[in-house]
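Here is a brief report on one protein model.

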Amino acid sequence: MRMSGELERTEKAIGIIDLGSNSVRLLLVRVHADGSTTILNQVKHMVRLGAGGFTHNPPLLCHNRLQEETMARTIAVLRGLAEMCAVYETTEIIAIATAAVRDAVNGPEFIRRVQEKTGIDFTVVSGREEARLIYLGVSSGLEHSKSLRLFIDIGGGSTELIVGDSQSYVNLDSLKLGCVRLTNLFFEDNKGPVSAYTYAALQRYVRNEALHSFQRIAGFEIPEAVASSGTAQNLAEIAAALEQQDAARTGKPSMASKHVLSYDGLRRAVKELCSRTLEERKSVPGINPNRADVIIAGAAILQTIMEEQGFESVTISNRNLQNGILVDYLMRT
């Protein structure tokens, strides 16, 4: 009985919060005495902290600012997450903020306000550290491989490109490219269809911003690409739904999968999305309506990466930065 009591005392619940430019996520985890973990709960809120903040590049010259409305909305959500952590009796909250906060001139003031109103102490990580944590989270959920993979994570404010195998990474890049950032830069009026000219301009911008990263990656032999984040997942869902729709109409069998996104499937999704107004886009088969305004910018990033690196398909992962924060935490404790 005494041993059981000691084991029970060493167990704890922790909260992991990932505050991105588009969404805030909370992962509640029970860490057991033997180092194993149990997921207690997961929640996600699309707060769009970066909306209106990524108005210029580069941010250090043009002083991108978090908007008062988005800060207030985010703080209200974070207050609820702090209360949720208290209900689960967490002994520790690991809170990470990424591109929206690190690129904003008023980012430090926002973090101070968050601490005052919610009690949560955020760490603002560099792009390189964000890439490292994403690698840890996504790679830990894949089959072991000695071959290199290209890990692609398209967020609201940044895109991380990592090259590594199952043991370690060999290249970490964080680019100032994200679905919210590019939507802010390219779409003042985001209500109508997107012309081929505008989409081509988006891709040119991505190529220019990612040029040095693309050149470094081209030096590696990489047989597989893995895409994580909500943008990639939703694009795969749209492509699969459109293919299933075609199969139902023609009577041909569908090979659609939400776990693999082909280049042809992505192009088909892009064509469908660009041809519609914002309101019409919300009814595209498979789409998350909350992503309708930013999904085209995210698609342009992914399509450009696949074209530049010659990938005919990408594997879709549902793991993310939060999983990497947990892996890193367990490695350190």
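S229 is buried, because its relative accessible area of 9% falls under the 20% cut-off. In this predicted model, S229 sits in the loop between β9 (224-228) and α10 (230-250). Its phi is positive, about 95 degrees, although S229 is not a glycine. Most residues other than glycine have a negative phi.

## A second case: R48

R48 also has a positive phi, near 55 degrees, and is not a glycine. R48 belongs to the loop between β3 (37-45) and α2 (59-62). The relative accessible area of R48 is 13%, so R48 counts as buried under the 20% limit.

## The five-stranded sheet

Five strands form an open sheet in the order β3-β2-β1-β4-β5, with mixed pairing. β3 and β5 (122-124) are the edge strands; each has a single partner, so one side of each lacks a neighbour in the sheet. On average, neighbouring strands of this sheet are turned by 20 degrees against each other, direction ignored.

β1 (residues 12-19) pairs with β2 (residues 24-31) in the antiparallel sense, over eight bridges. I14 has V29 in β2 as its bridge partner. Helix α14 (residues 321-332) packs on the sheet and touches β1, β2, β3 and β4 (92-97). The direction of α14 makes about 135 degrees with that of β1.

## Confidence

The mean pLDDT of the protein is 92, and 95% of its residues reach 70 or more. Residues 1-9 have pLDDT below 50.

Notes. Residues numbered from 1 in each chain as written. Predicted model: local features only at pLDDT ≥ 70, side-chain atom pairs only at ≥ 80, totals over all residues. Heavy atoms only, no water. pLDDT = per-residue confidence, 0-100. Contact = heavy atoms within 4.5 Å. Helix = DSSP H or I, 4+ residues; strand = E, 2+ residues; numbered from the N terminus. Buried < 20%, exposed > 50% of the residue type's maximum accessible area, 1.4 Å probe, protein only. Pairing = 2+ DSSP bridges. Axes fitted to C-alpha atoms, helices over the stretch in contact; angles between N-to-C directions.
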